[in-house]
Amino acid sequence: MNPVLDKLEATVKRMPEKDAVEDLDSHLTYRQLQTLARRAGSRLAEEIRPGEPVVLFLEKSCRALALLYGVLYGGGFYVFIDPLQPQERMRRILARLDAGICVTTAENLDRLQAAGFTGQILLADELLSEQTAPDLILLQQRRGEMTAESLLYGIFTSGSTGEPKGVVVSAGAAADFIGHFTDEMGIRPQDRVGNQAPFDFDVSVKDIFSCAFTGATLVLIPRTYFAVPRSLLDYLQERKITVLIWAVSALCMISAFHGFDYLLPQKLRMVMFCGEAMPVRQLQIWQDALPDVQYVNLYGPTEITCNCTYYRLPAGLWKGRTIPIGQPFPGRKVFLLDENGQIITEPECEGQIAVSGESISAGYYHDEERTRQSFVTLDGQRTYLTGDYACFGYDGLLYFHGRRDSQIKHMGHRIELGEVERAMMEPAAVSRACCLFDSEHRRIWGFYEGDIAETDLRMKLKAILPGYMIPGRIFRIRQFRLNKNGKIDRMDLRRKAGIAV
């Protein structure tokens with residue numbers, strides 16, 4: 001059995017002619033999506049053993065989604081690799097994965113081979129060709145070899161050492177989470193989910209499988225549109241998008257560059273954001289422009305299958321300085337640990353976020369040591385130690401404080417760089433801010449987007465922060481460069497500023 005394929009097939013049976021996915025130039029109904037997936041799955045089942053990884057060296061598209069499901073039908077688990085990312089990172093991912101099969105296009109062959117892939121290469125067009133007839137007997141055999149513990153996908157995240165970490169998630173873990181997510185968020189068949197995330201980023205898991213579970217339509221938004229707010233807003237309006245599950249930086253790109261002065265998307269009913277702390281001022285711009293939309297803050301690292309907590313914001317402009325990460329999804333236990341590994345119950349006491357219960361990932365692929373370090377057993381339950389810090393408020397909600405690796409010791413004081421960033425965004429003229437620590441020269445660097453001069457911002461910070469927390473260097477930049485996951489590219493800032501990594 002594969003609970004994810006079971007859900008897809010139930011949706012195909014209920015609404016075969018409904019659009020399952022759209023991209024800029026094409027679309028597939030649920031029946032067409034399943035037909036293409038079975039074609040690809042039949043060929044892949046001949047080439048791989050159950051439980052093996054299949055690399056999809058493709059950009060997102062309708063056909064790429066069909067190939068994703070084809071991997072699942074063939075008994076493997078999928079790992080997307082973006083062909084446009086740096087070759088050195090691709091080499092490291094491919095070495096860690098050690099996959100025997102890669103699916104790509106003729107246009108990407110040179111980049112794949114330059115990245116050092118030495119296994120068998122299958123072309124997407126050939127796998128999806130009408131001349132490829134699905135072998136339903138073989139597919140049924142493969143289905144019988146699967147369990148809820150069979151791996152569904154692998155997502156490579158950045159490691160603190162510079163070595164990408166391959167988080168692998170089972171079909172059962174994903175199905176449990178998506179079931180709760182679609183219930184709690186109220187995703188329904190008439191929704192049209194506007195996909196921002198690339199398929200090698202775990203936000204896409206919510207987009208893809210929420211649609212499969214409910215019969216909603218997945219609308220793939222071209223990545224180039226996220227550099228042009230007007231094109232992006234036109235696309236949301238023309239495609240009648242109702243639900244967004246986006247990285248914070250993607251939302252801020254619209255609000256910070258006054259996109260709503262141009263167009264208000266009329267069909268939006270829910271906006272969920274994740275990946276970074278949402279700047280309150282940017283949230284308020286969204287709320288002021290689209291007051292009838294439901295806004296939801298999502299929190300959770302890839303290792304716990306997408307998200308473990310959520311906070312549904314009340315109507316009206318948010319008045320607080322920070323936004324809670326909220327309460328756990330059903331099936332999860334989210335708690336805080338002090339430095340001695342003891343559970344914290346008192347309000348306003350900071351601790352490391354730990355997560356147990358349903359949907360904890362299977363760990364890091366081909367990396368048992370790192371898996372043992374981060375996935376531990378507490379009170380008889382497998383638990384993931386996130387490395388993130390938070391506290392419970394007196395309202396019982398969780399409030400995110402930052403990552404362990406964003407806490408620094410400077411001038412004898414422990415400083416959370418996120419607090420400095422929030423202070424930099426206090427002035428109305430600042431839309432976004434990012435802080436880095438130069439450990440070699442013992443200096444905090446601050447970067448911001450906005451219409452205020454560096455000297456004026458420094459004066460305002462003196463009224464908010466103690467002297468030891470004020471960045472030694474402050475720079476105004478036109479626009480933050482984003483990494484492939486839609487977050488501020490901190491490594492790019494380090495390179496430009498000449499800060500040692």
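## Close-up views of the predicted model

**View 1. Strands E9 and E10 pair within a nine-stranded sheet.** In this predicted model, strand E9 (residues 192-195) and strand E10 (residues 217-220) run parallel and are joined by four bridges. Strands of a sheet pair through backbone hydrogen bonds, either parallel or antiparallel. The sheet to which E9 and E10 belong is open and has nine strands in the order E2-E1-E10-E9-E11-E12-E13-E14-E15, with mixed pairing. Its edge strands are strand E2 (27-29) and strand E15 (327-328), each of which pairs on one side only.

**View 2. Helices H8 and H11 lie against the nine-stranded sheet.** Helix H8 (residues 171-185) packs on the sheet and touches strand E11 (243-247), strand E12 (270-274), strand E13 (294-299) and strand E14 (309-312). The direction of H8 makes about 10° with that of E14. Helix H11 (residues 248-256), by contrast, lies across E11 and E12 and runs at about 105° to E11.

**View 3. Helix H1 packs through its buried residues.** Helix H1 (residues 3-14) has 12 residues and reaches 17 Å from its first C-alpha to its last, which is close to the 16 Å expected at 1.5 Å a residue. Pro 3, Val 4, Leu 5, Leu 8, Thr 11 and Val 12 are the buried residues of H1.

**View 4. Three strands, E25, E26 and E27, form an open sheet.** The strands follow the order E25-E26-E27, and their pairing is mixed. Strand E25 (430-438) and strand E27 (473-476) stand at the edges with a single partner strand each, so one side of each is left without a neighbour in the sheet. Direction ignored, neighbouring strands of this sheet are turned by 20° against each other on average. E25 and strand E26 (residues 443-450) run antiparallel and are joined by eight bridges, and the bridge partner of Cys 435 in E26 is Gly 446.

**View 5. Helices H15 and H16 accompany the three-stranded sheet.** Helix H15 (residues 454-462) packs on the sheet, where it touches E25, E26 and E27, and its direction makes about 130° with that of E27. Helix H16 (residues 490-497) lies across E25 and E26 and runs at about 65° to E25.

**View 6. Helix H14 is largely enclosed by the rest of the structure.** Six of the eight residues of helix H14 (residues 417-424) are buried, so the helix is largely enclosed. The buried residues are Leu 417, Gly 418, Val 420, Glu 421, Ala 423 and Met 424.

**View 7. The whole chain gives the setting for the close-ups.** The secondary structure of the chain comes to 16 helices and 27 strands. The radius of gyration is 23 Å, close to the 23 Å that the globule rule gives for 501 residues, so the chain is as compact as a globular protein of that length. Taken along the principal axes, the C-alpha atoms fill a box of roughly 70 × 50 × 45 Å. Buried residues make up 57% of the 501 residues. Among contacts with a separation of 6 or more, 66% are between residues 24 or more positions apart. The chain exposes about 21,400 Å², of which carbon and sulfur atoms supply 48%.

How values were computed: Residues numbered from 1 in each chain as written. Predicted model: local features only at pLDDT ≥ 70, side-chain atom pairs only at ≥ 80, totals over all residues. Heavy atoms only, no water. Buried < 20%, exposed > 50% of the residue type's maximum accessible area, 1.4 Å probe, protein only. Helix = DSSP H or I, 4+ residues; strand = E, 2+ residues; numbered from the N terminus. Pairing = 2+ DSSP bridges. Axes fitted to C-alpha atoms, helices over the stretch in contact; angles between N-to-C directions. Contact = heavy atoms within 4.5 Å. Rg over C-alpha atoms; globule rule 2.2 N^0.38 Å. Areas by Shrake-Rupley, 256 points an atom, 1.4 Å probe, with all protein chains shown as cover. Expected span 1.5 Å × (residues − 1).
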